[in-house]
Every structure is written in structure tokens, then in C-alpha cells.
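Please look over the sequence and the structure shown here.

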Amino acid sequence: MFTNRARILVAGMFIVLMAVAVKYQAYQLAALALMFIALLIWGYFKQGTIVLAAKAFHQKDYDKAEALLKQVPKPEWLSKKRRGFYEFIYGGICLQKREYAEAEQHYELAALYPLRSANDHVAALVHVANINVRNGNFEKARIYLQLTEKHKDNITAKMKDVIWKVEQELSKHK
């Protein structure tokens with residue numbers, strides 16, 4: 001839950017602590033500092049700034065959320081849960097910017113990873129379907145709506161209403 005700048009600052013403090021501990025021959029403390037540095041590096045690659053980006057996204061601060069997501073050096077190195085959120089949030093940001101092709105790609109990737117709930121997974125699938133309806137690719141939209149069927153029991157009434165609206169739009173284009 002650190003920005004990259006905060007990670008560097010904290011790692012720097014641990015490096016100083018480690019140097020002082022080695023100077024005074026407190027090797028256990030030096031090893032502990034080294035372990036925390038390794039943990040910070042691991043978090044940099046596996047956790048990223050996703051939690052902070054999600055917080056900014058839920059507060060509708062899309063520019064901050066995008067800036068935090070851009071701090072992730074290699075999204076493919078994120079843990080599976082974080083990667084799903086990364087793609088889901090980035091898809092939402094692209095939708096806000098009306099970049100539908102990019103949003104579709106991010107939501108397709110988000111649907112491949114575990115998300116917080118079945119409702120989020122269905123939301124990613126419905127976003128892809130809705131974008132394809134807008135683009136006139138009705139067959140792909142139907143396929144993605146069919147994928148939501150296995151989650152029907154675990155989604156909210158609001159999401160069911162959105163699915164129904166997309167299905168109504170698809171029924172006009174048979």
C-alpha cells in the first residue's frame with residue numbers, strides 16, 4: 001500500500017538501519033532490515049500500487065488512479081488478485097476517457113483473473129458485451145453475456161438489470 005516513492009524512502013531508511021546495525025555488530029537487526037527491504041521489493045513487483053489506485057478510483061479521482069496504475073512497472077508480474085483489479089480499474093478509467101477499444105481489452109483481461117466478487121466478474125463481462133454492442137459486434141456481445149450465466153445466483157439486482165438491458169439491445173439485432 002505504498003507509492004513507489006514511499007517504498008524507496010522506507011527502503012532507504014532500512015538500508016541506513018542495516019548499515020548502523022552492521023557497524024555495531026548487531027547482525028540480527030541487520031538481517032531483519034534486509035528482510036524488510038526484500039519484502040518491500042517483493043511488494044513492488046507483486047502488489048504494486050493497486051490498493052491506492054482502487055481507493056482513488058472509488059473516489060472518482062480517475063487521473064490519480066491512472067497515475068498510480070502507471071507506476072506498476074510490469075502488470076504481468078502482479079499477483080493474480082492484483083492483476084485482476086489492475087485490469088478492472090484500468091478498464092474503468094478507459095471507459096471514462098471514452099477509449100472503448102482499450103477498455104474492452106482491459107475488461108477481457110480482468111475477466112480472466114479472480115476478482116473481489118462474482119458481481120465484479122460479471123461487471124467486467126457485461127462491460128465487454130456492452131462495448132461490443134456499441135461497436136456492432138453482436139455475436140461477441142452474446143458470447144460474453146452467456147458467460148455471465150454461471151454467476152446469475154451471486155450477482156446484485158442492479159447488475160441483473162444491466163444484463164437485461166444489454167440483452168434487450170441484442171434482441172433488436174437478431
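In this predicted model, Q25 counts as exposed because its relative accessibility is 59%, which lies over the 50% cut-off for that class. Q25 is found in the loop between α1 (4-23) and α2, and its phi is near 60 degrees, a positive value in a residue other than glycine. R98, which is not a glycine either, has a positive phi of about 60 degrees; R98 sits in the loop between α5 and α6 (100-112) and, at 62% relative accessibility, counts as exposed. The table sets out the two residues.

| Residue | Loop | Relative accessibility |
|---|---|---|
| Q25 | between α1 and α2 | 59% |
| R98 | between α5 and α6 | 62% |

On the surface, a nonpolar patch is formed by L17, L29, L32, M35, F36, L39 and W42, which together have about 630 Å² of accessible area. Helix α2 (residues 27-46) gives the most to this patch, with six residues, and L39 is a residue that lies in helix α2.

The largest pocket has a volume of about 610 Å³, and among the 24 residues that line the largest pocket, F57, H58, F88, R116 and D120 are the closest to its centre. At least two residues of this lining are supplied by each of the helices α3 (50-58), α5 (80-96), α7 (118-135) and α9 (157-171), with α5 giving the most, namely seven residues. By residue class, the lining of the largest pocket divides into 13 nonpolar, six polar and five charged residues.

Conventions
Residues numbered from 1 in each chain as written. Predicted model: local features only at pLDDT ≥ 70, side-chain atom pairs only at ≥ 80, totals over all residues. Heavy atoms only, no water. 1 Å grid on protein atoms, 1.4 Å probe; cavity = no way out; pocket = protein on both sides within 12 Å on 5 of 7 lines; lining within 4 Å. Points joined across faces, edges and corners; volume = space filled by probe spheres on them. Helix = DSSP H or I, 4+ residues; strand = E, 2+ residues; numbered from the N terminus. Nonpolar A, V, L, I, M, F, W, Y, C, P; charged D, E, K, R; others polar. Patch = residues over 30% accessible without salt bridge, like charges linked within 9 Å, V, L, I, M, F, W, Y side chains within 5 Å. Areas by Shrake-Rupley, 256 points an atom, 1.4 Å probe, with all protein chains shown as cover. Salt bridge = Lys/Arg side-chain N within 4 Å of Asp/Glu carboxyl O. Buried < 20%, exposed > 50% of the residue type's maximum accessible area, 1.4 Å probe, protein only.
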